[in-house]
Amino acid sequence: MDGNKNASSGRTSLWRNARLATLREDMGPLGIIEKGAVAARGDRIVYAGAEKDLPQDLGQADEAIDCEGRWMTPALIDCHTHIVHGGNRAREFQLRLEGATYEEIARAGGGIASTVKATNALSVEELVEAALPRLDTLLGEGVATVEVKSGYGLNIEAELKMLRAARRLQELRPVRIVTSYLAAHATPPEYKGRNGDYIADVVLPGLKAAHAEGLVDAVDGFCEGIAFSPSEIGRVFDAAKALGLPVKLHAEQLSDLGGARLAASYGALSADHLEYLDAEGAATMAKAGTVAVLLPGAFYTLREKQLPPVQALRDAGTRIAIATDCNPGTSPLTSLLLTMNMSATLFRLTVDECLAGVTREAARALGILDKTGTIEVGKSADLAIWNIDEPAELIYRIGFNPLHQRIFGGERIGQ
């Protein structure tokens, strides 16, 4: 999953005179260290703490960077995206503004069907070319890890094609890509009313093929009345479990079908959306260690009224992550900074929750907290340096990018 091939194995880099928000859980909400320093040997952090306690040998680093009192955080993580796809739905957006209903647009060939058609029409290379501008926008805001889902192919070869394109992205950019197999996203027209046959004919054999090719890091699904039932998703999760793959789920976005509880019963990494989650579901997720991934971009775009149960999640001790849900139909959002602002403004998350939600908890939602998400010894040196006076500024501003520099695997990007 690591796309950085440039870190020299023995080279030592030192960032000094920094204000650190380490996000370490044993140091308070943000793990703040004033007058801090971070040292990396190759791509791994070997010191993160007060500069006055820096070991003498690390003070003689091959490269020393004075952060001039700037804030440093873990590089950001977008843990739920659909950035690999063909086409866009701008025309449909216009039609909705002019009064067309979703049903009218769908009958005219719009909706997810139009994205499936556009995606199927592109080669792997063309899908990569289409995704790169979206990826570059995220990277330009200090993002170093991006989860990418399939789900707009809805046939075996097209799903594989999307995942191949996702893997290719990390060969072209300094980024960690985490893939999710999402063939259980929608039912294609030829399988209308036959979800079980679609799962048997496409989803399950496609999963085996993708796994055999090394294209899958996790398995996802959409549990909803307009998509798949809990029992149908269970078939997919059973297949994932047999292959040793972790699972996650789009759940409780439009209604409460018990999808989050189903996901938790499989030890899912995350359950995402969750507007209709109840307190019992939140508690079940907390017990299973399943992260709640909230997606304000979809809430905003769809003009939803049902807020996710943030207080119930807090009360249960459920971990909360946030993500762009970047997709062409319901969340055409490519800014994780704006996502933090929307999470605070629309969902009333705190500054600490927002920043943890795009670093530590996002890493937890992807099952890679052992690799990244906090500034700690042994983890990848994925860092972001900001021109801000306090962490709240990252959440407070709208349409403003204060990134000074992004570091991925110990390498300074865009220097």
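Start by selecting G86, which sits in the loop between β6 (76-78) and α1 (90-97). Helices here are DSSP runs of H or I with at least four residues, strands are runs of E with at least two, and both are numbered from the N terminus. Before going further: this is a predicted model, where local features need pLDDT of at least 70 and side-chain atom pairs count only at pLDDT 80 or more, while totals for chains, interfaces and linings use all residues. Residues are numbered from 1 along each chain as its sequence is written, and side-chain values use heavy atoms, with hydrogens and water left out.

Is G86 buried or exposed? G86 counts as buried because its relative accessibility is 1%; the cut-off for buried is under 20% relative accessible area (1.4 Å probe, protein chains only). Leaving out residues up to four places away in sequence, show what G86 touches: T115, A118, T119, L122 and L127. Contact means heavy atoms within 4.5 Å.

Next, select helix α4 (residues 124-139) and helix α5 (residues 156-172), which pack at an angle of about 55° with their axes 9 Å apart. Axes are lines fitted to C-alpha atoms over the stretch in contact, and angles run from 0 to 180 degrees between N-to-C directions. To find the contact, show V124, L127, V128, A131, L132 and L135 on α4, and K161, M162, R164, A165, R168, L169 and L172 on α5.

Then move to helix α6 (residues 195-212) and helix α7 (residues 230-242), whose axes are 11 Å apart and meet at an angle of about 20°. That makes α6 and α7 roughly parallel, a label for angles under 35 degrees. On α6, pick N195, G196, I199, A200, V203, L204 and L207; they meet E232, R235, V236, A239 and A240 of α7.

Last stop: α12. How far apart are the end C-alpha atoms of helix α12 (residues 336-347)? They are 15 Å apart, which agrees with the 16 Å that its 12 residues should span at 1.5 Å a residue; the expected span is 1.5 Å times one less than the number of residues. Of those 12 residues, 9 are buried, among them L336, M340 and F347. Just past α12, check R348, which has a positive phi of about 65°.

Methods. Buried < 20%, exposed > 50% of the residue type's maximum accessible area, 1.4 Å probe, protein only. Parallel < 35°, antiparallel > 145°, perpendicular 65-115°, else oblique.
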